[in-house]
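Visitor: Please take a close look at the nonpolar core and the aromatic rings. I would like the cut-offs stated along the way.

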Amino acid sequence: MSDGTPTPSRPAGARTWLRDHSELGVCVLLLVLGVLVLTDALTMSVDITQRGPVGPKTVPVAVGIGLLAVAVLLAVDVLRGGRGEAEAGEDVDLDEPADRRTVALLTGVFLAFAALIGPLGFPISGALLFWGSAYALGSRHHDRDPLIAAGLSLVTYFVFDNLLGVPLPGGPLMGVL
C-alpha cells in the first residue's frame with residue numbers, strides 16, 4: 001500500500017505539489033478580487049461635476065492594485081518555498097462541543113437589532129444589541145451592563161450621526177437627541 005509520499009522510484013504528483021503549495025489558493029483568491037475591484041472601479045461612470053482632485057475611482061483602483069501586488073508577492077514567496085507558520089492554537093478544547101446556547105443568543109440579539117432599528121432607532125436598539133451581546137457572552141453584571149450599553153450606544157450614535165455625517169435612525173428619541 002502507498003501512503004502518497006514520494007519515493008525515489010515514484011516522483012510526487014500534482015496532488016502532492018498542490019498540497020505543499022496550498023497557499024497559492026489564497027493568491028488566486030486575491031488575484032480574482034483584485035481584478036474584480038479594478039474592473040468595477042475602471043468601468044464606474046462618473047459625471048465630470050462629481051470629480052474633484054481625488055475622484056471616486058481613486059480608492060478602489062488603489063485597493064485593486066494593492067490586491068494584485070499582494071497576490072503576486074505572496075505567490076513568489078510560496079513558490080520560493082515560503083510557508084505560513086502553523087497556528088500555535090488557542091486555549092480551546094476541540095473535543096468539547098460547540099456552545100450552541102451562546103450562538104443562538106447572539107443570533108437572536110442580532111436579528112432583534114435588525115428588526116428594531118427601524119421602529120426604535122439606533123440609540124435604543126443599539127443599547128439592546130450591546131447589552132444582549134454582553135449577556136450572551138457571559139457577563140452577569142445586571143446593574144452596570146445596561147448602563148454601559150446605553151452609553152456606548154449613545155456615543156456611537158453621536159459619533160456616526162454628528163461627527164462622521166452618517167445618518168442613523170434616531171427613532172422616538174429623534175427630537176430629544
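Guide: Six residues make up the largest nonpolar core: Val109, Phe113, Phe122, Leu129, Tyr157 and Leu168. Such a core is a set of buried Ala, Val, Leu, Ile, Met, Phe, Trp, Tyr and Cys residues joined through side-chain atoms within 4.5 Å. Helix H4, residues 100-136, gives the most to this core, with four residues; helices (H or I, at least four residues) are DSSP runs numbered from the N terminus. The model is predicted: local features need pLDDT of at least 70, side-chain atom pairs count only at pLDDT 80 or more, and totals for chains, interfaces and linings use all residues. Residues are numbered from 1 along each chain as its sequence is written, and side-chain values use heavy atoms, with hydrogens and water left out.

Leaving aside neighbours within four places in sequence, Leu129 is in contact (heavy atoms within 4.5 Å) with Val109, Phe110 and Phe113.

There are three aromatic pairs in the structure. Rings of Phe, Tyr and Trp (its six-membered ring) pair if their centres lie within 6.5 Å; planes under 30 degrees apart count as stacked, over 60 as edge-to-face and the rest as tilted. Trp131 and Tyr135 are stacked, because their ring centres are 5.9 Å apart and their planes are at 25°. Both lie in helix H4, four residues apart, about one turn of the helix. Tyr157 and Phe158 form an edge-to-face pair, because their centres are 5.8 Å apart with planes at 70°. Tyr157 is buried, at 2% relative accessibility (buried means under 20% relative accessible area, exposed over 50%, partly exposed in between, with a 1.4 Å probe and protein chains only).

How values were computed
Helix = DSSP H or I, 4+ residues; strand = E, 2+ residues; numbered from the N terminus.
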